[in-house]
Amino acid sequence: VADTLAAQIATEERDGRLSRASVDALYDAGVLRMKLPRVLGGHEADLVTQFEVLEAVATINPAAGWCAMVGATSLAMPGAFLPDGGIERMFGNGRIPRGAIVIMPSGEGKHVAGGYRLTGRWSFASGVHHAEWVSAHALVRESPDAPPRVHMFSFPAANITIHDNWQVFGLRGTGSCDISVDDIFVPADCVWDVAFVAYEHAAFATGVARHALDTLTDLAITKKRGYGPDAKSLADRESLQRFIGHSELKLAAARALAIDLNTQAMTAIESSAALTTSLALELRGSAVYCTEVATDIVAAAFRFAGAASIFDSSDMQRCLRDINVAGQHLFVSDKTYELLGQTRLGVADVPPMG
């Protein structure tokens, strides 16, 4: 699907959302169901395969890679955690829908007979324009005096209002608008407890860095910088040569860390062992680290590429914008390093998603 995804980039940047062509390509190729349990028609791919697929898509089209990450999660998590009744509602008659998911618990669910009344507004609903089902975190008080608990609510996208506020610096093609619902009923069997997720951001980051390095390498052979007939090509500049060599090793090292940790996690899963807090935080930490490495590589590549990169039509400029916006995500904040450090210092009960 590489040609289809690459051909949609300019349209998606202009329209501020992923195109139907890209969504159809990801859906038809099975990318969006790669994390879904096999019993529901998914591939139930191992974590390393998931990494490689998301990285490959992000290398071609970062917005599509981001939406593939979110879209696959939006099916896999309810597919794994919904009660049977909710599974029948969302995946009835063997049909796999298209989904979106929002993580911040900025909604409120109130207990009523048979379920909940849900009201809220959520930001960053990536890919929501093509979603048929939405899952969203909300706070629930089981009694007026009880502390709030976070639950995930899954409901048809026909219930939402999409707010056209995705006018942003980067990741423009993801269409990550705000969404809201107003006092909708959600059956109890479409509500489930939260689960850990964060590892995929590493794959997105290495994919964007890979694209930037490849773009610069191709450009360096033909582009000259300087005045007069004796100007050197970029490829002849020792500083560029060093940067390419160093960056290839930095990216390979960061990627190897993420692959190793995903392999460890997969080994634990296959042995029916729960992930330790330390391993969960290492996974999340690898996503932070890969994002940092990718951001540094893309920023330097942008500078080496010269004035042609300042235009909106430039792949290099888009990579710069996309990786910097991705780096603003809560899941790849420095807080992760603090939490991992706490586990090494003997602090008990460190929350991986804290």
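**Close-up views**

**View A.** The lining of the largest cavity comprises ten nonpolar, six polar and one charged residues, where Ala, Val, Leu, Ile, Met, Phe, Trp, Tyr, Cys and Pro count as nonpolar, Asp, Glu, Lys and Arg as charged, and the others, Gly among them, as polar. The model is predicted, with local features requiring pLDDT of at least 70 and side-chain atom pairs pLDDT 80 or more, whereas totals for chains, interfaces and linings use all residues. Residues are numbered from 1 along each chain as its sequence is written, and side-chain values use heavy atoms, leaving out hydrogens and water. A cavity is a set of points, on a 1 Å grid over the protein atoms alone, where a 1.4 Å probe fits but cannot get out, and lining residues have an atom within 4 Å of a point. Of the 17 residues lining the largest cavity, V23, L32, C67, G71 and G99 lie nearest its centre. The elements giving two or more residues to this lining are α3 and α5, and α5 provides the largest share, six residues; helices (H or I, at least four residues) and strands (E, at least two) are DSSP runs numbered from the N terminus.

**View B.** The second largest cavity is lined by I9, E12, E13, N61, P62, A63, G173, R318 and D322. Two or more of these residues come from each of α2 (9-15), α5 and α10, with α2 contributing the largest share, three residues. By class, the lining divides into three nonpolar, two polar and four charged residues.

**View C.** The largest pocket is lined by 24 residues, among which L47, Q50, F81, Y199 and I269 lie nearest its centre. A pocket is an open set of grid points with protein on both sides within 12 Å along at least five of seven lines. Helices α4, α5 and α8 each supply at least two residues of the lining, and α5 gives the most, with five. The lining has 16 nonpolar, two polar and six charged residues.

**View D.** The second largest pocket has W66, F124, S126, H201 and H329 nearest its centre, out of 26 lining residues. Two or more residues of this lining come from each of α5, β1 (99-102), β3 (115-125) and α10 (315-326), and α5 gives the most, with four. By class, 17 are nonpolar, eight polar and one charged.
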